[in-house]
Amino acid sequence: MTERNTWSGVSRGSTRREFIARAVAIGLSAGAAAALFEACASPATVGVPGASPGSALSEVQLAILYPQSGDIARFGQACLKAAQLAAEDINAAGGIRSLGGAKLKLVVEDITSDATTVRTVVERVLNQNKVAAACGSYASALTLVATEVSERAGIPWLTGSIADT
């Protein structure tokens, strides 16, 4: 029988290992989102749709594509929340200063926990929106498909979740 971690005497329903794995996933997602947002804040506006050097944009769209349903949904939901918190912090601090205070607008989509649906969802999001970059996937099988699509579209993809060689 596995002993459950009981911070404050109440079982949280997860082992210490599960808690650490979730905390690391959230931390990686928050760090990845922050790095993505910082990359968009660089003085060069190359790749930011509608931007030219010295221009002021009202918003920069970023695709946030994590599984929100299926087997690994709870991890994708935690990663999404981390990205949303990072965007809220950046927007509350005045947006992206090097782009005239442009606010971050997250284009969120559920890529499910199934690699067979990832291609369609990513293609739709990248084709229907003017995103500067994308972040997400969480699992290697999903990331391999998503990054293939984003590479063909010329959209940078940031992830902390690929381990396949």
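Strand β1, helix α2 (residues 73-92) and strand β2 make a right-handed β-α-β unit. Right-handed here means that, with the strands pointing away from the viewer, the path from the first strand over the helix to the second runs clockwise. Helices (H or I, at least four residues) and strands (E, at least two) are DSSP runs, numbered from the N terminus. The model is predicted: local features need pLDDT of at least 70, side-chain atom pairs count only at pLDDT 80 or more, and totals for chains, interfaces and linings use all residues. Residues are numbered from 1 along each chain as its sequence is written, and side-chain values use heavy atoms, with hydrogens and water left out.

Start with the strands. Two strands pair if DSSP finds at least two bridges between them. β1 (residues 59-66) and β2 run parallel and are joined by eight bridges. Glutamate 59 stands opposite lysine 103 in β2. Leucine 62 has leucine 106 of β2 as its bridge partner. β1 also runs parallel to β3, with five bridges between them. There, leucine 65 is paired with glycine 136 of β3. In a regular strand the side chains alternate between the two faces of the sheet.

How many of the eight residues of β1 are buried? Seven are, so β1 is largely enclosed by the rest of the structure. Buried means under 20% relative accessible area, exposed over 50%, and partly exposed in between (1.4 Å probe, protein chains only).

Next, the nonpolar interior. A nonpolar core is a set of buried Ala, Val, Leu, Ile, Met, Phe, Trp, Tyr and Cys residues joined through side-chain atoms within 4.5 Å. The largest one has 17 residues. Leu65, Ile111, Val118 and Val122 have the most contacts inside this core. The elements that give two or more residues to it are β1, α3, β3 (131-136) and α4. Helix α3 gives the most, with five residues. Valine 122 touches Leu65, Ile111, Ala146, Val149 and Trp157, leaving aside residues up to four places away in sequence. Contact means heavy atoms within 4.5 Å. Another core, of 10 residues, lies apart from the largest one. Its members include Val60, Ala87, Ala102 and Ala132.

Now the charged pairs. A salt bridge is a side-chain nitrogen of Lys or Arg within 4 Å of a carboxyl oxygen of Asp or Glu. The structure holds three of them. One joins glutamate 109 to arginine 124, with the closest N and O atoms 3.0 Å apart. Glutamate 109 lies in β2 (residues 103-110) and arginine 124 in helix α3 (residues 115-128), so this pair ties together parts that are 15 residues apart in sequence. Glutamate 109 is partly exposed, at 26% relative accessibility. Arginine 124 is also partly exposed, at 32%.

Which residue forms a salt bridge with arginine 119? The partner is glutamate 148, and the closest N and O atoms are 3.0 Å apart. Arginine 119 belongs to α3 and glutamate 148 to α4, so the bridge ties together parts that are 29 residues apart in sequence. Arginine 119 is partly exposed, with a relative accessible area of 30%. For glutamate 148 the value is 38%, again partly exposed.

Glutamate 148 also meets arginine 152 in a salt bridge (3.3 Å, N to O). These two residues are separated by about one helical turn, because they are four residues apart in helix α4. Arginine 152 counts as exposed, because its relative accessibility is 54%.

Is serine 150 buried or exposed? At 2% relative accessibility, serine 150 counts as buried. Its side chain reaches the backbone oxygen of threonine 147 at 3.2 Å. A polar contact is a pair of N or O atoms within 3.5 Å; within protein, one must be able to donate a hydrogen and the other to accept it, and residues adjacent in sequence count only if both atoms are side-chain atoms. Serine 150 touches Leu126, Ile155 and Trp157, not counting residues up to four places away in sequence.
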